[in-house]
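Biologist: I have a chain on screen and some questions about how its parts pack. Can you take me through the side-chain pairs and the helix contacts?

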Amino acid sequence: MIKYTQGYYGFHTLFQVYGSSLYKACFCAVISSVLYFLYYWFYIHEVINLLDHPYPVAAVVSSVAIALSFKLTFSYNRWWEACTTLHNMHAKWLDVGSTMAAFHLQSRIYESVAPPSFGEHQDVHFDFVRRREITERTSTSFVTARDTLNSNETKPTSVKSRLGKILRRQNKEMSRGAKDKDTQNIHDSSSSALPFPNDYWTRSKSSKANGSLSNDASVQKKDDPTENPSLFLQETAHLVSLLSAVALSTLRYDAEGKEAPLTEFVPGKNWPSNNSDNDKEMLKNGYRRNKAWSTVKFMLDVSRSPTEILEYNAARPFHVIGGISDKEAELLRNAKGASAKVALVYLWLNEFITREHMHGSMGTVAPPIISRLMQFTSDGHMWYNAARKMAYIPFPFPHVQLTSAFILLTIVVVPVLMLVKANVYFGFVLNFLVVTILTGLNEVAKELENPFTNVPNDLPLNLFQAHFNEALITMFAGYHPDSHWELKESA
């Protein structure tokens, strides 16, 4: 997807050639202009005698405009619906990860560090409201609110908020990036703002603390299992991330039976570029594109070869939390067809949910509530198949054929209309503009009708996956930073 800014009436967008429907349309207008002068020099008298009135040709042009408007409307609907389905798919699968993490925090391994429940202390309500009043009265801005949450005056016995650490770290990184925009801040797992395991597949060595939880939350420390995500959370994040990555890779037609273009996710890494021309990861992976040749092929509407598609997709792999094992990649390669690959990972996730629930990894949450997880995975799978509708079912052939014939007719007939009534030179200008507009509408429709593969006007699937992964690892954050409290002596 080409990223742009509006600027001064959008004039600067006129200099973008690669991916432009305008310049592709101008190519057809040039052909029509050549025909215009040929008609003028060789057939001008015959044309004028045949057409005493321009309405017949105008009627043809109007019919073409109606057909093109119909196609453009439905092509844009396909493009926008693709955006909707992908965001709904990620929303549902993010529900799976977030809800499983919330259920898991209620399991027995967190008994020693779980925050006290307000339901067991009905008399704490007044104290809680008074603390909120103090916070609200002293916070006048985002920074003040953050400082208030971490102030020893308003919360003398509260543990330092992990959220405060995250915010301070992020603010520091933002200010560093503002000073040096050329610096690439590639964060490793140890510098991630959220707790991320240094070795994703190593079981957490945190042991459960002995004894009961003290009212003083400051004792919740080095034996806290929330400091290093449990294997359950790691596997949950991995399977949900893998499901999304496989789904997106099938939408962009990754080659069957080839090496899976999936790689390990590194938290805190710079966002992938919307535009493949500016994607530094592709250059790092050894992908080189001849910009001049690619522009010429785009202008001539020459499709990419299977080899070019394979090389392009391999240079932009989808990142998976925890990476992908050799056995996973082999099974995914052996699954024939896009639907089968996604169904395979879908099975792994559902089996994992069922197994872990039966062995108590999600606490004592009732089975009817657990069934909502299955519903979330199913809803996400439904939205994925809605996206496949745009990816695998092209715009209906009869309408495409009719539109192509109309475009050819426009290139040939519009010069006749301009020669009948307009001045020769002014007619040339009008002919060029009319043909550019009509063929431009068709080119826009062609670029939008398949939003997953029409480079460079495709949707930024790698960016969507990166956003999804960063959202998934929030399940490693544990309890709310202000969940721990103690009863005052007066209470």
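Biologist: Which residues are linked in a network of salt bridges?

Modeller: Keep in mind that this is a predicted model. The structure holds seven salt bridges. Some of them join up into a network, and its members are Lys24, Glu443, Lys446 and Glu447.

Biologist: Take Glu443 and Lys24. Which helices does the pair link, and how many residues apart are they?

Modeller: The two side chains meet in a salt bridge, at 3.1 Å from N to O. The pair links distant parts of the chain. Glu443 is in helix H15 and Lys24 is in helix H1, a separation of 419 residues.

Biologist: Is Glu443 buried or exposed?

Modeller: The cut-off for buried is under 20% relative accessible area. Glu443 has 8% relative accessibility, so Glu443 counts as buried.

Biologist: And Lys24, buried or exposed?

Modeller: Lys24 lies in helix H1. Its relative accessible area is 3%. The limit for buried is under 20%. Lys24 is therefore buried.

Biologist: At what angle do the axes of H1 and H15 cross?

Modeller: H1 spans residues 21-42 and H15 spans residues 424-448. Their contact has 14 nonpolar, eight polar and three charged residues. The crossing is right-handed. The axes come within 7 Å, and the angle is roughly 145°.

Biologist: Now a pair of sequence neighbours. Arg355 forms a salt bridge with Glu356; is Arg355 buried or partly exposed?

Modeller: The closest N and O atoms of this pair are 3.4 Å apart. Glu356 is buried, with a relative accessible area of 15%. Arg355 has 36%, so Arg355 is partly exposed.

Biologist: Turn to helix H7. Is H7 roughly parallel or antiparallel to H13?

Modeller: H7 covers residues 231-251 and H13 covers residues 367-392. Their axes are 9 Å apart, at an angle of about 20°. Angles under 35 degrees count as roughly parallel. H7 is therefore roughly parallel to H13.

Biologist: Which residues of H7 make the contact with H13?

Modeller: H7 passes H13 in a right-handed crossing. By class, the contact has six nonpolar, one polar and one charged residues. H13 contributes Tyr384, Ala387, Arg388, Ala391 and Tyr392. On the H7 side the residues are Ala247, Thr250 and Leu251.

Biologist: Is H7 roughly parallel or antiparallel to H16?

Modeller: H16 runs over residues 461-472. The axes of H7 and H16 come within 10 Å and cross at roughly 170°. Angles over 145 degrees count as roughly antiparallel. So H7 is roughly antiparallel to H16.

Biologist: How many charged residues are in the contact of H7 with H16?

Modeller: From H7 come Ala237, Val240, Ser241, Ser244, Ala245 and Leu248. From H16 come Leu461, Gln465, Phe468, Asn469 and Leu472. They divide into seven nonpolar and four polar, and the charged count is none.

Biologist: Which residues does Glu81 touch, not counting those up to four places away in sequence?

Modeller: Glu81 is found in helix H3, residues 55-104. Its relative accessible area of 31% makes Glu81 partly exposed. The C-alpha atoms of Glu81 and Ala387 are separated by 7.9 Å, across 306 residues of chain. The residues Glu81 touches are Lys389 and Met390.

Biologist: Last one. Of contacts between residues at least 6 apart in sequence, what share joins residues at least 24 apart?

Modeller: The chain has 16 helices and two strands. Of its 491 residues, 43% count as buried. For the contacts you ask about, the share is 85%.

Technical notes. Residues are numbered from 1 along each chain as its sequence is written. This is a predicted model: local features need pLDDT of at least 70, side-chain atom pairs count only at pLDDT 80 or more; totals for chains, interfaces and linings use all residues. Side-chain values use heavy atoms; hydrogens and water are left out. Axes are lines fitted to C-alpha atoms, for helices over the stretch in contact, and angles run from 0 to 180 degrees between N-to-C directions. Helices (H or I, at least four residues) and strands (E, at least two) are DSSP runs, numbered from the N terminus. A crossing is left-handed if the near helix is turned anticlockwise from the far one by less than a right angle, and right-handed if clockwise. Ala, Val, Leu, Ile, Met, Phe, Trp, Tyr, Cys and Pro count as nonpolar, Asp, Glu, Lys and Arg as charged, and the others, Gly among them, as polar. A salt bridge is a side-chain nitrogen of Lys or Arg within 4 Å of a carboxyl oxygen of Asp or Glu. Buried means under 20% relative accessible area, exposed over 50%, partly exposed in between (1.4 Å probe, protein chains only). Angles under 35 degrees count as roughly parallel, over 145 as roughly antiparallel, 65 to 115 as roughly perpendicular and the rest as oblique. Contact means heavy atoms within 4.5 Å.
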